[in-house]
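Please read them with the coordinates open.

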Amino acid sequence: MLGAVPDCERVVEGLFAQPTNALSSLVFLLAGGWVAAQARRSPVHRRELAVFGAAVASNAVGGMLYH
């Protein structure tokens, strides 16, 4: 059996233990904001886009807290 394998990247000291993963979470936050902005402009699927944008943004917040 193999030993413990780190989940994504080496943990370092600092504000973010895994800075690359934290940065990718920030990109998810920006993408969620962009989708939410598109929902305001869309004549159709407005509610679905808003919910999807919120889900993507909340995934980003969870990722930032984890990493």
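1. How far does H2 reach from its first C-alpha to its last, and what is expected at 1.5 Å a residue? The model is a predicted one. In it, H2 has 21 residues and spans 30 Å between its end C-alpha atoms, close to the expected 30 Å.

2. On the overall fold, the secondary structure consists of two helices and zero strands. The helices are H1, residues 19–41, and H2, residues 46–66. The protein has 67 residues, of which 22% count as buried. Of the contacts between residues at least 6 apart in sequence, 48% join residues at least 24 apart.

3. Which residues of H2 are buried? They are Gly53, Val56, Ala57, Ala60 and Gly63. These residues lie on the same side of H2, because the arc they cover around the axis is only 115°. As background, an α-helix has 3.6 residues a turn, so residues three or four places apart point the same way. The partner of the buried residues of H2 is H1, against which they pack.

4. The face of H2 turned away from the buried side should be read together with point 3. Exposed residues sit there, namely Arg47, Glu48, Val51, Leu65 and Tyr66. Leu65 also belongs to the nonpolar patch on the surface, which is taken up next.

5. The nonpolar surface patch is formed by Leu23, Leu26, Leu29, Leu30, Val61 and Leu65, whose accessible area together is about 590 Å². H1 and H2 each supply at least two of the patch residues, and the largest share, four residues, comes from H1.

6. For context, most residues other than glycine have a negative phi. Histidine 45 is also exposed, because its relative accessible area is 54% and the cut-off is over 50%.

Terms used:
Residues are numbered from 1 along each chain as its sequence is written. This is a predicted model: local features need pLDDT of at least 70, side-chain atom pairs count only at pLDDT 80 or more; totals for chains, interfaces and linings use all residues. Side-chain values use heavy atoms; hydrogens and water are left out. Patches are made of residues with over 30% relative accessible area and no salt bridge: like charges are joined within 9 Å, nonpolar side chains (Val, Leu, Ile, Met, Phe, Trp, Tyr) within 5 Å. Accessible areas come from the Shrake-Rupley method with a 1.4 Å probe; for residues, only the protein chains shown count as cover. A salt bridge is a side-chain nitrogen of Lys or Arg within 4 Å of a carboxyl oxygen of Asp or Glu. Buried means under 20% relative accessible area, exposed over 50%, partly exposed in between (1.4 Å probe, protein chains only). Contact means heavy atoms within 4.5 Å. The expected span of a helix is 1.5 Å times one less than its number of residues. The arc is that of the directions from the helix axis to the C-beta atoms.
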